[in-house]
Amino acid sequence: MTDSPPPSDRPRTAKSLAFALFRPVLFAVGVIGLALGGLVLSHRSNPEIAALPPPANLPIPTPAAPPPPIVLADSEPAPPIAPSDFRAVSPNLGPNLGPNLGGDLRGFSMKPPDPSTGPNSEPEPPASDRYELTLRLEKGDTIDKMLADIDVPQADRKQIHERLAALLKKKKLAAGEEIELLLQNVPEQPDAPRVLSLSVRPQPEREYIITRRDDGTYDGEEKVYKVSPRIVRVEAERHGSLEQSGVRLGVPSQAMVEFIRAMSYDVDFQRELKEGMKFTVLLEQLVTSDGRVTHPGRLLAGELRLLKRTVVVMRYRPQGGADGFYNPNGESVVRAFLRTPMDASKISSRFGMREHPILGYSALHAGVDFAAPSGTPILAAGAGKVVMAGPNGGYGLYVKLQHTSDVGTAYAHMSRLGPGIKPGVAVRQGQVIGFVGSTGMSTGPHLHYEFHRGGRQVNPLAQKFAMRAQVGGKDAARFQGLAKHYLAQLKNAPVVASTKPKPKEPGTPQVAKGD
Ligand SMILES: [Zn+2]
């Protein structure tokens with residue numbers, strides 16, 4: 001089947017006027033069609049009412065002895081197209097069809113007249129006319145039953161069933177699957193339409209077509225569409241949940257979750273993210289050669305425009321590694337070390353020279369103090385190994401972790417150790433290694449946190465940038481090329497959705513074609 005251009009492309013002629021006049025009639029027929037089981041009627045060659053099969057031809061269930069049915073699986077979902085397909089809703093429905101038929105009628109759609117017939121062609125004689133019909137499989141339905149319902153002769157149904165079964169092998173068609181039919185009314189059997197072709201496309205990349213030969217037998221064919229990736233961009237604004245703000249525009253939820261997670265290492269969502277802030281998501285979709293989306297999109301890159309800065313993350317897979325997200329400088333968004341080794345805390349004393357509160361003289365404060373209630377869990381700032389765990393003089397109950405040969409962290413004044421924490425055990429980032437207390441030389445419950453590099457205490461809060469994993473070695477050049485590409489695509493890739501869609505030609509699909 002070929003797509004007709006949108007109705008706005010066709011000249012407005014007497015025919016479209018006549019069509020407009022028939023609109024209420026079409027609507028009425030549509031309602032009848034709906035009443036008779038959610039039929040989707042479509043008429044390629046002649047939408048005028050004369051060509052529609054008279055109501056008498058509409059389905060009357062016939063108790064025929066059918067060949068063994070093709071069982072339909074309830075559980076198999078239809079291919080994930082719908083909103084994530086990013087197509088404008090029913091691009092075939094142009095303004096000529098009026099609001100009555102504009103997609104509000106579920107299960108009913110009317111295709112525009114085929115322009116190849118020309119605006120001035122005579123109406124075709126209805127009796128031997130060919131017409132298209134789209135039927136949707138209901139739960140527990142079979143194609144054979146569906147064809148019986150529209151009075152297709154049993155001999156034809158049997159052949160069609162056999163051809164289709166041979167093509168589908170063991171595969172089952174899901175309820176809701178659309179079956180496209182090209183039918184013909186033949187004078188010698190006016191109440192039994194002839195099936196010229198039947199097609200079903202259970203996956204975007206696979207279509208099964210049954211066609212009638214001149215000798216009355218049927219042929220089966222499997223059509224495979226080539227699938228290839230394309231990069232698209234979604235421009236969005238945050239309204240309510242950030243995830244939903246993207247999902248509403250067709251970004252897959254999984255891609256939004258990845259985007260938020262990648263941003264969360266760097267962005268304080270509560271303080272920095274406001275209503276109406278803009279973000280851009282770059283997706284890689286998979287599409288068939290005829291434009292159907294088989295995968296709604298994997299996150300390649302994202303940009304979040306905050307009040308004072310713009311944060312960009314991009315997907316990259318280092319050689320021999322796993323996919324991860326990086327900033328444009330090639331630094332992993334995942335911090336090798338937590339910013340603070342506690343969830344809720346405030347800094348009560350910074351690194352540097354100070355008057356010691358107990359000793360009373362000026363000395364280097366070799367760590368950072370975080371004030372927190374006694375018993376607050378203390379988290380391992382990074383993955384590593386416990387090298388000390390126990391009382392340690394003025395430090396009180398103390399834990400030291402070694403992360404690399406060069407880097408260690410230490411935690412003092414704990415009330416007690418975390419479960420299983422003893423010298424020699426490995427810890428993961430974020431694991432509870434102890435609880436806030438006031439043991440040792442301490443004036444009140446707090447965590448004294450130290451960062452050691454090369455055996456010396458350094459300021460933990462100054463380690464921010466050095467603490468990220470960086471794309472390096474052979475990967476550096478490859479990453480830089482990719483980062484440049486993504487940064488350009490975040491501005492230039494075809495937009496598939498936008499909070500403020502640009503004014504477009506009526507009836508023009510919103511999908512930007514081509515890469
Ligand atoms: Zn301290």
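**Contacts of Arg354 in the predicted model.** In this predicted model, Arg354 touches Ser349, Tyr361, Ser362, Ala363, His365 and Asp369, leaving aside residues up to four places away in sequence. Arg354 belongs to strand E14, residues 352-355. Its relative accessibility is 22%, so Arg354 counts as partly exposed. One of its contacts is His365. Arg354 and His365 are eleven residues apart in sequence. Their C-alpha atoms lie 6.4 Å apart.

**The zinc site.** Three residues coordinate the zinc ion: His365 through NE2, Asp369 through OD and His448 through ND1. The distances run from 1.9 to 2.2 Å. Along the sequence the donor residues follow the spacing H-x3-D-x78-H. His365 has a relative accessible area of 3% and is buried. Asp369 is also buried, at 6% relative accessibility. Both His365 and Asp369 are touched by Arg354.

**Helix H8 and its buried face.** Helix H8 covers residues 475-492, 18 residues in total. The buried residues of H8 are Asp475, Phe479, Ala483, Tyr486, Gln489 and Leu490. Seen down the helix axis, these buried residues fall within an arc of 130°, so they line one face of H8. The other side of H8 carries exposed residues: Ala477, Gln480, Lys484, Lys491 and Asn492.

Ring pairs link Tyr316, Tyr326 and Phe479 into a cluster. Phe479 is one of the buried residues of H8. The model holds eight aromatic pairs. In the pair of Tyr316 and Tyr326, the ring centres are 5.9 Å apart and the planes stand at 85°, so the pair is edge-to-face. This pair links distant parts of the chain, with Tyr316 in strand E10 and Tyr326 in strand E11, ten residues apart. Tyr316 is buried at 3% relative accessibility. Tyr326 is buried too, with a relative accessible area of 10%.

**Arginine over aromatic rings.** Two sites are shown. The charged end of Arg201 sits over the ring of Tyr225, 3.8 Å from the ring centre. Arg416 lies over the face of Phe435, at 4.0 Å from the ring centre.

Lys169 has phi near 50°, a positive value in a residue other than glycine. Lys169 sits in the loop between helix H4 (154-168) and strand E3 (178-184). Its relative accessible area is 60%, so Lys169 is exposed. His413 has phi near 65°, again positive in a residue other than glycine. His413 is part of strand E20, residues 407-414. At 5% relative accessibility, His413 counts as buried. In this pair of views, then, Lys169 is exposed, whereas His413 is buried.

Definitions and conventions
Residues are numbered from 1 along each chain as its sequence is written. This is a predicted model: local features need pLDDT of at least 70, side-chain atom pairs count only at pLDDT 80 or more; totals for chains, interfaces and linings use all residues. Side-chain values use heavy atoms; hydrogens and water are left out. Helices (H or I, at least four residues) and strands (E, at least two) are DSSP runs, numbered from the N terminus. The expected span of a helix is 1.5 Å times one less than its number of residues. Buried means under 20% relative accessible area, exposed over 50%, partly exposed in between (1.4 Å probe, protein chains only). The arc is that of the directions from the helix axis to the C-beta atoms. Donors are N, O and S atoms within 2.8 Å of the metal (3.2 Å for Na, K and Ca); water is not among the atoms, so sites may look incomplete. Rings of Phe, Tyr and Trp (its six-membered ring) pair if their centres lie within 6.5 Å; planes under 30 degrees apart count as stacked, over 60 as edge-to-face and the rest as tilted. A charge sits over a ring if NZ of Lys or CZ of Arg is within 6 Å of the ring centre and within 35 degrees of the ring normal. Contact means heavy atoms within 4.5 Å.
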